[in-house]
Every structure is written in C-alpha cells, then in structure tokens.
Amino acid sequence: MSEPPWIWQYDHVVPSEIGAIGPVRREILQQLLDRNWSKRDLFSVHLALDEAMVNAVTHGNRLDPNKHIHVTCRMSPDWLEIEVADEGKGFDPAAVPDPTDECRVSHPGGRGVMLMRNFMDRVQFNERGNCVRLEKRRTPCDE
Amino acid sequence: MAEYRRLEVNEVGDVTVVRFRDQKILDDLNIQELGRELARLVEVENRARLLLNFASVEFLSSAALGKLITLDKKVKAAGGTLRLCCIQPEIFEVFVITKLNRVFDIKENEADALAAF
C-alpha cells in the first residue's frame, strides 16, 4: 500500500510540563483548522491529543523535569497520525480497567484511554506502553 | 458573596446557577482552581441545590470530568441536588461514552433543569 501524500509534518521534543502541552496542541489544531477539517474532527483530535499528552507528562514521565515527551505528527489531505512518546517505563493498556463498570463509573479518573479510542479511528500503543499512536480519518463534508 | 475566577454564580430562587468563564476547560491549573471553587460552593457557602450551565463550554477534558464527579459526591453528602444543563453535543457524547450521563442528571436547557428542582 502506498503512503498517503503527506502535506504537513511536525516533530517536537517538549519538557515534561503541563504547560508544554498548549503550544503543541495549538500548532496541530491550527493545521486542521487551516485545512477546514470539521468542528467534530477538531474536537476529537483535541480531546485525544490532550489525553495522550497529559498521560505522557503525568503518568509516563511522572512530571520529572529531566524527562521529555516526543510528539510527531503527519497529515495528508484526509488522514492524520500523531505519536506521543514519553520516557517512562510504560504501561499495559489492556490492564486499564473499564471506567464504565458500575463500581468505577463514579471514580474521578481513568477515562483517558477510553476517550482516545472512542474519538479516534485507530489507537495503538507500542509494546513497552510508553508511546501511543493516534490516527484520524477526516470526516467527509457531507457526514 | 465570594469572588470566583473560573465561575459565574447566580441565584435563581433557591437554586444556585453556575456558569463557566472558560470556553475550554483543559488547562491543569485552571481545572485545579475550578475544582476548589466548585467545592467551596458546597463546603463553605453551603449551597446544596446547584445547576451547572455548560452553554459557554466548548471543550472539557477528562480531568475536568473528575472535578464534576467529586462535586457530585460532595453535593450528595450534603443531602443536596446537582443538575447539569445546556451541554453541547460533542461534550454530551463524552458523557454518554463514559456513562456519566447516568451519574449526572442532565437537562437540555436551563428552564427544564430549574423546573426539575
């Protein structure tokens, strides 16, 4: 299968600070906005990207100022791929309990991975569990 | 009445109607402050009949959902009632996916929500 025609690529290493998330988010979302991706697509990418980056900074790198997160992104006219990698020991996404279980639905946390999976077309973790790949197909205008 | 940086607080009858100053509730420091201000409504000002109006809110992270869940527990512990209204479709979908639409009493508009108290 041939590669999509990438029209924009992004590769940044940012410090493990919650404050570092905003500029990355703004840059990627602005690209979608400039290319007239739908409001719903923007919401979906915004949500998944924020959850992935907050997880990387807080759970992956545990806010360690000596560690970084690595964000790569590439975009074709109708496809978006984002990878968020941290320098932590990783985790097993299959071991994350279902936050909608009756006994957990009122727990304040634990919904990030579920939201990523629901709002993106494909979400994959590497074997170590310290890198997540988010993929989104552009919603056609008439949907 | 106390000053709120993240909230607009008004009385409608005996219900406290709360609106959000931020269109996007996502910055961690803002979410922490939001959580403290919501808690203050119940724990310091003893407001037990609360309506959160989300009309101005365009984005909500899962960390913000956590603050709403914590508020719901505080209100229930105080014997009060918490309702939500005017949630935009994308955000409502987040509530449905996480099944939080079953935890919270969510009304389509403010009039319906007030009438239900």
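## The interface in area

Buried area is the accessible area, taken with a 1.4 Å probe, that two parts lose on being put together, summed over both. In this predicted model, chain A and chain B bury about 1,900 Å² between them, with 66% of that area lying on carbon and sulfur atoms. Of the area that chain A buries against chain B, 27% is supplied by A:Phe43, A:Pro108 and A:Arg111, which is more than any other three residues supply. Counted by residue, 20 residues of chain A are in contact with 23 residues of chain B.

## Polar and charged links

Between chain A and chain B the count is 1 salt bridge, and a salt bridge joins the side chains of A:Arg40 and B:Glu93, at 2.5 Å from N to O. Across the interface of the two chains, 3 residue pairs are found in polar contact, both residues being at pLDDT 80 or more.

Helix H2 (39-60) and helix H3 (112-119) of chain A each supply at least two residues of the side of chain A that touches chain B, and H2(A) gives the most to that side, with 7 residues. The residues on this side of chain A divide into 8 nonpolar, 6 polar and 6 charged.

## Helix H2 of chain A

With 22 residues, H2(A) reaches 30 Å from its first C-alpha to its last, which is close to the 32 Å expected at 1.5 Å a residue. H2(A) is mostly covered, with 16 of its 22 residues buried. The helix is followed by A:Arg62, whose phi is positive, near 50 degrees.

Key. Residues are numbered from 1 along each chain as its sequence is written. Chains are lettered from A and ligands numbered from 1 in the order in which they are written. This is a predicted model: local features need pLDDT of at least 70, side-chain atom pairs count only at pLDDT 80 or more; totals for chains, interfaces and linings use all residues. Side-chain values use heavy atoms; hydrogens and water are left out. Contact means heavy atoms within 4.5 Å. A salt bridge is a side-chain nitrogen of Lys or Arg within 4 Å of a carboxyl oxygen of Asp or Glu. A polar contact is a pair of N or O atoms within 3.5 Å; within protein, one must be able to donate a hydrogen and the other to accept it, and residues adjacent in sequence count only if both atoms are side-chain atoms. Helices (H or I, at least four residues) and strands (E, at least two) are DSSP runs, numbered from the N terminus. Ala, Val, Leu, Ile, Met, Phe, Trp, Tyr, Cys and Pro count as nonpolar, Asp, Glu, Lys and Arg as charged, and the others, Gly among them, as polar. The expected span of a helix is 1.5 Å times one less than its number of residues. Buried means under 20% relative accessible area, exposed over 50%, partly exposed in between (1.4 Å probe, protein chains only).
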